[in-house]
Amino acid sequence: MMLCCLMVMAATSYGQQWETVLPDSVSISGGFINEDNTTELVGCSGNDGAYFKVFEDGQYETTTFPAPEGKHLILQNLIPLGDGGYFVSGRIQYPSDSYLGDQRIMILDRNLDVTNEQTIEVIEGFIGFNWNSAAVIDDDGTIVLLVSARRESPSIPGSYEFRGVLFRFSQSGECLNCRYLVADPPDPICYIQSIKYPELLNDPFDNQIIAVCEGRGGVQSLLYFDYEFNLTDNFLIDDISIPEMGPSWQSKYVSDPYVGYWYNANEMLLVADQQDTVVHNKPHLLVGKMNREGEIIEKAEINKPDTLFYAYGGMAYANDSTVYVTTRCHTESWMDPYYPCAYLVSTGLEVLGKVELWDELDYFPQAIFPTNDGGCVFCIKGNSWWVEPLQKVIRFSREDFNPIPCSVKEVPQETIKALAYPNPAKDELNIDISGLPEHNEHRIQITDALGHICMDRIIRGEGNVLTVGVASLPAGMYTYQIYNDKKTLSSGKFVKK
């Protein structure tokens, strides 16, 4: 184990509290935020596994764990234990195949000293564990780990397939149970075909573990397991009309789902990108409520012209009424440079605000974590094919996401001076909405002179004037547009002085 202390901080134009740039050999895989708002992360630094502690002011410490000779150790899951220590899992990468390796399990004490360590190889018939994994702590304090393992297909010579593997560990690192989710010939849903972006949930209302991953035919699925890893139920996630033909044949399907916040015993929050070839003809971000059977019962779609949204990096439960979600945005096509974006969304599915990191072209989101004061820590990584692959950790406040309040009120008609007034505006802009159709959902969008969207929000409340707080906008020319899903209803320009 090696310890070093470094700090790199920079101020940029999008209003974050601080930004820490980690060395170019670093990559983050997972972590959490403590009660004192320090961020604890795991990943790799060069060939070694690494733990990072980022303090509230942006300074950080790094502790490395050497990889076996000639191999690469990537730490992927970090779970705090009751005694102040940690359960850590990762993958020892094979030199011959960067997507395969053995599982490394470590128990660390509060000083990050290794108290138990083991390497787990695949069973006979498999050739290695795949590159991604997920872990969760169960009600009894045991840790459940989900990985996938590759093997040669028993039915298609020369091809490979993946099967899910579930482990249960004690807090001391003892393996209590292991099950390979295999059936030959394969049951169409009782195995995990791929876990590129797996999710594991501890069901707070029942003694079950829920896996969110690709199941039957590569379709996103909910799989329910009891304590002994017996499959007790399974459902396909909604918006798939012909599941037996696979998602590429559908007019609508969801991919890369992230599931986390529970509303009640029957509903949870889903974040995914939704491909709709009939209406949008491109991926767009979906935030919705999903029941335990995988049915999306209410949703909000984040979509704008000539932009592709891919769910990427995850979701963070912020408080009783809001969550942060992350996405990777492309302009025009997926071949264009992309940039990371994070949204603040109410649990009532209203988009309250966002930060778009236009300065970080070809950076993608890796994770987002809520802070205890309502803000968040956003981890992004440069794409090594396009830009220098730097790892950045950025701290945002809640106000960075929602700097433009708006409200609807009823005023006497004779006091309405213009369609938009005062113009120029300093603190507030009033917009006459008395001519909008009633009983329809409308949105307002404000863009700056470069076309960047500063606000895109649902108009709520009854009245004839919409008041927008523009005090936080830089001085300049802006365009507002009030619209619904069919057309633009009102638009105009105003100057912020």
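Student: What should I know before I start reading?

Tutor: Residues are numbered from 1 along each chain as its sequence is written. The model is predicted, so local features need pLDDT of at least 70, side-chain atom pairs count only at pLDDT 80 or more, totals for chains, interfaces and linings use all residues, and side-chain values rest on heavy atoms, with hydrogens and water left out.

Student: Which strands does strand 29 pair with?

Tutor: First, the terms. Helices (H or I, at least four residues) and strands (E, at least two) are DSSP runs numbered from the N terminus, and two strands pair if DSSP finds at least two bridges between them. Here strand 29 (residues 391-396) pairs in the antiparallel sense with strand 2 (residues 18-22) over 5 bridges. Strand 28 (residues 376-382) also pairs with strand 29 in the antiparallel sense, over 6 bridges. To find your way, look for threonine 20 opposite valine 393, and isoleucine 380 opposite lysine 392.

Student: Are the two faces of strand 29 covered or open?

Tutor: In a regular strand the side chains alternate between the two faces of the sheet. Buried means under 20% relative accessible area, exposed over 50%, and partly exposed in between (1.4 Å probe, protein chains only).

Student: In what order do the strands of the open sheet run?

Tutor: The sheet has 4 strands in the order 30-35-32-31, with antiparallel pairing. Its edge strands, each pairing on one side only, are strand 30 (406-409) and strand 31 (420-421). Strand 31 meets strand 32 (residues 428-432) over 2 bridges, and there tyrosine 421 stands opposite asparagine 430.

Student: How many disulfides are there?

Tutor: A disulfide is a covalent bond between the sulfur atoms of two cysteines. With the rule that the pair of cysteine sulfur atoms lies within 2.5 Å, the count is 0. Take cysteine 376: the nearest cysteine sulfur, that of cysteine 379, is 9.9 Å away. Cysteine 376 is buried, at 0% relative accessibility, and cysteine 44 is buried too, at 7%.

Student: How many aromatic pairs does the whole structure hold?

Tutor: A pair of aromatic rings is described by the distance of the centres and the angle of the planes. Rings of Phe, Tyr and Trp (its six-membered ring) pair if their centres lie within 6.5 Å; planes under 30 degrees apart count as stacked, over 60 as edge-to-face and the rest as tilted. The search finds 16 pairs. One of them joins phenylalanine 126 and tyrosine 180, with centres 5.2 Å apart and planes at 50°, so this pair is tilted. These two residues are 54 residues apart, and both are buried.

Student: Where do phenylalanine 205 and tryptophan 262 lie?

Tutor: Their ring centres are 5.7 Å apart with planes at 65°, so the pair is edge-to-face. Phenylalanine 205 is in the loop between strand 15 (194-202) and strand 16 (209-214), and tryptophan 262 is in strand 19 (residues 252-264). Phenylalanine 205 is partly exposed at 45% relative accessibility, whereas tryptophan 262 is buried at 13%.

Student: Which residues form the aromatic cluster?

Tutor: Phe87, Phe129, Phe167 and Phe169 form it together.
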